Amino acid sequence: MQVLFLALGASRRRAVVEESAAVAAAGGRAVVLVARKQPWASETFAPGVELLTLAELEARHLPRRLERAVLYQAPRRVAGAVGRGPLGARTRKALTAYEKRVAGRVHRRVFVPLHRRVWPTATARVVLRRCFGPQGGPDLVVVADALSTRTAAELTDAWAAEGLGTPRLCYSVDSVVPPVVARTAPQTSAAR
């Protein structure tokens, strides 16, 4: 069984770590997709569980790499070349202001809507290709927190549009298979 854990909010870290370990122990493939690795630094994942960030996956998309090169990497190289010696402090200050006021705004207002409009399924395709490869998509997507619901909806819609099928969505691996409840026979009035 292939399971994708969407834990972008990092609010249920312990549950994600335990459930992904259970999937890996059962012989399945578990991939945990997070927004940032820093909140997960103190967690220890079981062998076979892969921890990836959404930014790492999206960085593999060529238009995103080009955007990053134009908006961030080229100005940083220019600032590195110009900012040697007595101009160092002013150059760093100017670069910080540029990244905050210009590059950040252009990214949010121009490129994010452009990527969603022009390449709406790019993230879903990158997740499939990088996380699961030729084996196909996940059998189950665990939406571990509230911040992951939008991404889960976008991924499943994109996979359905591509004709790749839709995996089952759940809040926990345990919710897929209902627990066995021991039922006792109802007591009749004669048995009392």
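The model is predicted: local features need pLDDT of at least 70, side-chain atom pairs count only at pLDDT 80 or more, and totals for chains, interfaces and linings use all residues. Residues are numbered from 1 along each chain as its sequence is written, and side-chain values use heavy atoms, without hydrogens or water.

**Salt bridges**

The structure holds seven salt bridges. Each is a side-chain nitrogen of Lys or Arg within 4 Å of a carboxyl oxygen of Asp or Glu. Among them are these:

| Pair | N to O distance |
|---|---|
| R13 and E43 | 3.7 Å |
| R14 and E18 | 3.2 Å |
| K37 and E56 | 3.3 Å |

R13 and E43 meet in a salt bridge. R13 lies in helix α1 (residues 13-25) and E43 in the loop between β2 (29-34) and β3, so the pair ties together parts that are 30 residues apart in sequence. Helices (H or I, at least four residues) and strands (E, at least two) are DSSP runs, numbered from the N terminus.

R14 and E18 both lie in helix α1, four residues apart, about one turn of the helix. R14 is exposed, at 64% relative accessible area. E18 is partly exposed, at 48%. Buried means under 20% relative accessible area, exposed over 50%, and partly exposed in between (1.4 Å probe, protein chains only).

K37 and E56 form another salt bridge. Because K37 sits in the loop between β2 and β3 and E56 in helix α2, this pair ties together parts 19 residues apart in sequence.

**The largest pocket**

The largest pocket holds about 960 Å³ of space. Its lining has 30 residues; L54, A55, E58, R64 and T123 lie nearest the centre. A pocket is an open set of points on a 1 Å grid over the protein atoms alone, where a 1.4 Å probe fits, with protein on both sides within 12 Å along at least five of seven lines; lining residues have an atom within 4 Å of a point. The volume is the space filled by probe spheres set on the points, which are joined across faces, edges and corners. Helix α3 gives the most to this lining, with six residues.

**Patch and strand**

V78, V82 and L87 make a nonpolar surface patch of about 250 Å². Such patches join nonpolar side chains (Val, Leu, Ile, Met, Phe, Trp, Tyr) within 5 Å, from residues with over 30% relative accessible area and no salt bridge. L87 is in the loop between α3 (62-82) and α4 (88-118).

V49 lies in strand β3 (residues 49-53). V49 is buried, at 14% relative accessibility.

Notes: Patches are made of residues with over 30% relative accessible area and no salt bridge: like charges are joined within 9 Å, nonpolar side chains (Val, Leu, Ile, Met, Phe, Trp, Tyr) within 5 Å. Accessible areas come from the Shrake-Rupley method with a 1.4 Å probe; for residues, only the protein chains shown count as cover.
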